[in-house]
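Please look over the sequence and the model before reading on.

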2 protein chains.
Amino acid sequence: VKPRALRSELRKLLEPGSVLPDVAPLYLVDAAGALGFVGSADAIVRPVSAHEVATLVAWCDSHDVPVTPRGGGTGLSGGAVPLEGGVVVDMVRLRRVRALDPLQWRMQVEAGLPTGEVHRLARENGLLYPPDPGASEQSQLGGNVATNAGGPHAFKYGVTGAWVTGLEVVTASGDLVQLGGATRKDVAGYDLRRLFIGSEGTLGIVTAAWLRLTPAPERRLALTAFYPGTPEGAAAIQQVIGSGLVPAALEYLDPGALAAVAATYPGQLPVGAGFAVLAEADGGHDEALTLREALADALSDGALALECHVPADALWRWRDSVSGAVASILGSKFSEDVAVPVDRLGEAIEITIEVAAAHGLPACSWGHAGDGNLHSTFLLAAGDVDALSRAEDAAAALFAQIRALGGSLSGEHGIGSFKRHHLLAMHDPAELRLLRAVKRALDPKGLMNPGKVI
Amino acid sequence: VKPRALRSELRKLLEPGSVLPDVAPLYLVDAAGALGFVGSADAIVRPVSAHEVATLVAWCDSHDVPVTPRGGGTGLSGGAVPLEGGVVVDMVRLRRVRALDPLQWRMQVEAGLPTGEVHRLARENGLLYPPDPGASEQSQLGGNVATNAGGPHAFKYGVTGAWVTGLEVVTASGDLVQLGGATRKDVAGYDLRRLFIGSEGTLGIVTAAWLRLTPAPERRLALTAFYPGTPEGAAAIQQVIGSGLVPAALEYLDPGALAAVAATYPGQLPVGAGFAVLAEADGGHDEALTLREALADALSDGALALECHVPADALWRWRDSVSGAVASILGSKFSEDVAVPVDRLGEAIEITIEVAAAHGLPACSWGHAGDGNLHSTFLLAAGDVDALSRAEDAAAALFAQIRALGGSLSGEHGIGSFKRHHLLAMHDPAELRLLRAVKRALDPKGLMNPGKVI
């Protein structure tokens, strides 16, 4: 089908206004778009309802047209970039709150609702929706589900999947299916919810989710600790874990990441600081205070300085600014998202720098220390094709070393299109057979977000 | 293959002593065996290693021999009952602790290790493995994973799947595959771990699991509250949830369940008590105390009496005795395991009694109030074929009403063989297509635990 004919067909099928007049460039990239990965599409559709998504996908299935779902476009793995033309399904208009039951600690929302809106609704009702991936005002809940997104508070509270009790999905053949619901426990049949969570739109499209919430903690107390460098900082993180303390968040910034945001730190940065640990104690009034004292104690060995942050919000906004600040150093960045067993974190931070240096690139990392999840990042100038090619080689070398530490290629950003060949190269053939079998079973024609994951 | 020839072939293939000389009757039933559901098998194998499981399954795959994995045999849904002959794989000898890293809050254990042993190892190292399904000395971790088992403390801590970061599985074709590992976060590829968790041995056999642990709470304070009947008790449970308190456990016993264990209650049972709520507050020293006070406050409306239990263990042992005591009333029981949104709990408790009465059966229920998970149980005499038939009809009527409340056929026991036809009758055809597609993709010959789930 030619693009113009396709759009004309879709206009007959769908609600007035759902098919955009043309294909704007913003739909062909994700948040790593500055690196030059640009896709192609024949039509952009903004459905108004889950039923319209189902109608669209059923039509695409019977006409062999590829479908690429798109949330807030904040991904960094090319997961939302349309690689084989066809239709981009922009979920932005599916943003109804279908149910909000504060007394039952739950809500049902559509996939296009911004994550920040979910946070706000929970907070206004004395509750907490803990997953807090970055860019919460742009990112959408459906994208969070599709990537099983994490964030700083995943350390205590778990990632998105831990808070989803039910999903509404449109399957590859265009069926609208409910998987689970408001029930907190459900083991009837295979856990299809969990299979769709993190499947990056390659098995179907999430149109709505039932979310579990939890009562908001009375108090959140944040704390920063600064160290001369990575060895001291990594040792302090191990000290916290080994002490049996459970902070709500336990984050780190390595020397390069800290330097990138040093000027905007909301406090007093000590001279010679080359590594930062950010921690949060939450809970009841006294409990949070006791935990913060214990955290301060565990973090004090080798620290240059410790500082309390009340309220915690300014500190987390600063933390959220790291990614953008690092990208600004040379104009662009090539950012990975590896995860290792927590006791290998220090090694993984050093490996990031070594691998980059071996490829002639500056690098830094920051991330979710308590979960062993690093945003290993190579710095480069926008449009520097040679540096980009070296960054790709560096990433491959990094992945090999991370796998040797017992780690994963992705802790929260997903495989998308960028890491697909690494997954294929590094995972066990028997595991790849299982992944392929699942993909073929649920998307036999391979039309759902083609070129991603597997 | 004839049974004797099969056993002889397997003896050539496997370690000496792995193939049992004959098929003992205990391998043909599960914990609901008193109801008369008995399977058939041609050989019982007790492998000593995951590699031996893989060798066995690969042979069975190439010879079209059905495979039924068996853990502790404590299931109540017929999941471990061999329905189509073939080989029962008893996991009891795979019980090594492969790794125990207390400072990293994790361990890797083989599937046959009793759940109670996992609890003990965690406890001795100052840690907690929270999932606590009943019969922990008999049930095995692999069976807990296969059913995604819950227990009283799932309310605060989540079910088994929330604590599994990696699995080793033998696939239907006999490949030994690692899915995840010690890494706390991993979104590389589909969540095959989660697909195997709760799949009841129908997609492959879990041979080992990486478990996440958490620091043990300093203090556990239990509390009971007694009410005249179900309406008052159900209202008190809603009061707790609506107050935003997060107890570690929130359980209930309805009038019949309470009567069955009244004589052994470790405390002072008030006159006229017809409903019990059990709650536990855990956490730091002061935090647990504050929470218990708040729970007592929330539970006091309409209560006949409240009682504190220190230590909590005696109360939880009493709670664990309910199932056996209820079975003793008439000699047998037909027990379901439905789950509803928490605000429908009171209705679901009443529905259990009404549905049973309409079929001429006495009934009661107890269970995980905070998770809306009921053990709805019909009482009958052992060997009463007529009552059993009415219980089956009552279960079907119960399931229909539970589904109408937005609930699930199973909160933690699984579908097994008993509930399979209900799953097929009550779930959406599009969802059943997905379930069947997954089963076909991962077990194309249908040899893994045949006749179960789908």
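Predicted model: local features only at pLDDT ≥ 70, side-chain atom pairs only at ≥ 80, totals over all residues.

What percentage of the 454 residues in chain A is buried? Buried residues account for 61% of chain A.

**Chain A**

- Chain A contains 15 helices and 18 strands.
- A compact globule of 454 residues would have a radius of gyration near 22 Å, and chain A agrees with this because its own value is 22 Å.
- Of the contacts in chain A with a separation of 6 or more, 73% join residues 24 or more positions apart.

**Extent of the interface**

- In the interface, 78 residues of chain A touch 78 residues of chain B.
- About 5800 Å² is buried between chain A and chain B, and carbon and sulfur atoms give 62% of this area.
- A:Lys185, A:Val187 and A:Tyr190 together supply 17% of the area that chain A buries against chain B, more than any other three residues.

**Polar and charged pairs**

- Eight salt bridges are found across the interface of chain A and chain B.
- A salt bridge joins the side chains of A:Arg106 and B:Asp343, at 2.9 Å from N to O.
- The interface also has 25 residue pairs in polar contact.

**Make-up of the chain A side**

- Elements giving two or more residues to the side of chain A that touches chain B include β8 (176–180) and α7 (230–242) of chain A.
- The largest share of that side, 10 residues, comes from α15(A).
- By class, that side has 35 nonpolar, 27 polar and 16 charged residues.

Definitions and conventions
Residues numbered from 1 in each chain as written. Chains lettered and ligands numbered in written order. Heavy atoms only, no water. Contact = heavy atoms within 4.5 Å. Buried area = accessible area lost by both parts, 1.4 Å probe. Salt bridge = Lys/Arg side-chain N within 4 Å of Asp/Glu carboxyl O. Polar contact = N/O pair within 3.5 Å; in protein donor to acceptor, adjacent residues only side chain to side chain. Helix = DSSP H or I, 4+ residues; strand = E, 2+ residues; numbered from the N terminus. Nonpolar A, V, L, I, M, F, W, Y, C, P; charged D, E, K, R; others polar. Rg over C-alpha atoms; globule rule 2.2 N^0.38 Å. Buried < 20%, exposed > 50% of the residue type's maximum accessible area, 1.4 Å probe, protein only.
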